[in-house]
Amino acid sequence: LIAVTVAVSIAVAAWMGALTFGFMGSTSVTINNVTFVTDSSNNPTKNIILSVKNTGTKTVTIATVKVNNNEVGMNATLSLSPGGTGGIELTLDSEWVPGNPYKFDLFDSSGQIIGSYQENAPS
């Protein structure tokens with residue numbers, strides 16, 4: 001009788017946990033591509049374009065982007081429904097440096113990190 005009670009309580013706890021997770025949803029954004037923008041002479045500019053996808057289960061708004069732990073300008077906030085894709089154009093304080101590593105952190109409107117990615121600029 002005790003074993004049956006324990007088994008049933010474990011099953012109910014697992015079911016309730018899954019139910020709670022379904023109601024809460026998750027927020028996660030993946031950076032699929034990074035484009036380091038160059039000028040007509042193929043020189044680095046201050047711009048970088050991120051291609052992103054919402055891989056979570058909730059609609060998410062990207063409000064802030066940090067590059068190498070420094071907040072950078074972006075063309076606008078971006079809201080993505082689950083599975084949605086979009087692009088963000090970033091403006092750095094100075095031109096990006098060929099061969100240097102760049103770490104991109106994406107934050108939602110509450111300040112929670114929702115995605116991160118690192119890539120070296122092309123040489």
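Reader: Why is G111 called partly exposed?

Author: This is a predicted model, and its relative accessibility for G111 is 48%. Buried means under 20% and exposed means over 50%, with partly exposed in between. The value of 48% falls between those limits, so G111 counts as partly exposed. You will find G111 in the loop between β8 and β9.

Reader: What are the distances between G111 and I62, in sequence and in space?

Author: G111 and I62 are 49 residues apart in sequence, and their C-alpha atoms are 9.5 Å apart in space.

Reader: Moving on to β8, why is D105 called buried?

Author: D105 lies in strand β8. The relative accessibility of D105 is 3%, and buried means under 20%, so D105 counts as buried.

Reader: What makes the pairing of D105 and S116 a polar contact?

Author: The side chains of D105 and S116 are joined at 2.7 Å. The cut-off for a pair of N or O atoms is within 3.5 Å, where one atom must be able to donate a hydrogen and the other to accept it. The distance of 2.7 Å is within that limit, and the pair is listed as a polar contact. The side chain of D105 also makes a polar contact with the side chain of K103, at 3.3 Å.

Reader: Which residues does D105 touch, not counting those up to four places away in sequence?

Author: D105 touches T64, V65, K66, N69, I113, G115 and S116.

Reader: G115 is on that list, so is G115 buried or exposed?

Author: G115 is in strand β9, residues 113-120. With 9% relative accessibility against a cut-off of under 20%, G115 counts as buried. Leaving out residues up to four places away in sequence, G115 touches V29, F104, D105 and L106.

Reader: What makes the largest nonpolar core a core?

Author: The largest one here has 23 residues, and L50, V52, I62, F104 and L106 touch the most other members. Strands β1, β2, β3, β6, β7 and β8 each supply at least two residues of this core. In soluble globular proteins, nonpolar side chains tend to be buried together.

Reader: Which residues are in contact with L106, leaving aside its neighbours within four places in sequence?

Author: L106 is in contact with V29, I31, L50, V52, I62, T64, V65, Q112, I113, I114 and G115.

Reader: How do you know that T45 is buried?

Author: T45 has a relative accessible area of 16%, which is under 20%, so T45 is buried. T45 lies in strand β2, and its side chain reaches the backbone nitrogen of N47 at 3.1 Å. Beyond residues up to four places away in sequence, T45 touches V37, T38, D39, E95 and W96.

Reader: What is the phi of N69, and where does N69 lie?

Author: N69, a residue other than glycine, has a positive phi near 70°. N69 lies in the loop between β3 and β4. The relative accessibility of N69 is 59%, which is over 50%, so N69 counts as exposed.

Reader: Which residues line the largest pocket, and how do they divide by type?

Author: The lining is made of V67, N68, N70, E71, V72, L92, D93, S94, E95, W96 and Y102. These divide into five nonpolar, three polar and three charged residues. The volume of the largest pocket is about 160 Å³.

Methods:
Residues are numbered from 1 along each chain as its sequence is written. This is a predicted model: local features need pLDDT of at least 70, side-chain atom pairs count only at pLDDT 80 or more; totals for chains, interfaces and linings use all residues. Side-chain values use heavy atoms; hydrogens and water are left out. A nonpolar core is a set of buried Ala, Val, Leu, Ile, Met, Phe, Trp, Tyr and Cys residues joined through side-chain atoms within 4.5 Å. Buried means under 20% relative accessible area, exposed over 50%, partly exposed in between (1.4 Å probe, protein chains only). Helices (H or I, at least four residues) and strands (E, at least two) are DSSP runs, numbered from the N terminus. Contact means heavy atoms within 4.5 Å. On a 1 Å grid over the protein atoms alone, a cavity is a set of points where a 1.4 Å probe fits but cannot get out, and a pocket is an open set with protein on both sides within 12 Å along at least five of seven lines; lining residues have an atom within 4 Å of a point. Grid points are joined across faces, edges and corners, and a volume is the space filled by probe spheres set on the points. Ala, Val, Leu, Ile, Met, Phe, Trp, Tyr, Cys and Pro count as nonpolar, Asp, Glu, Lys and Arg as charged, and the others, Gly among them, as polar.
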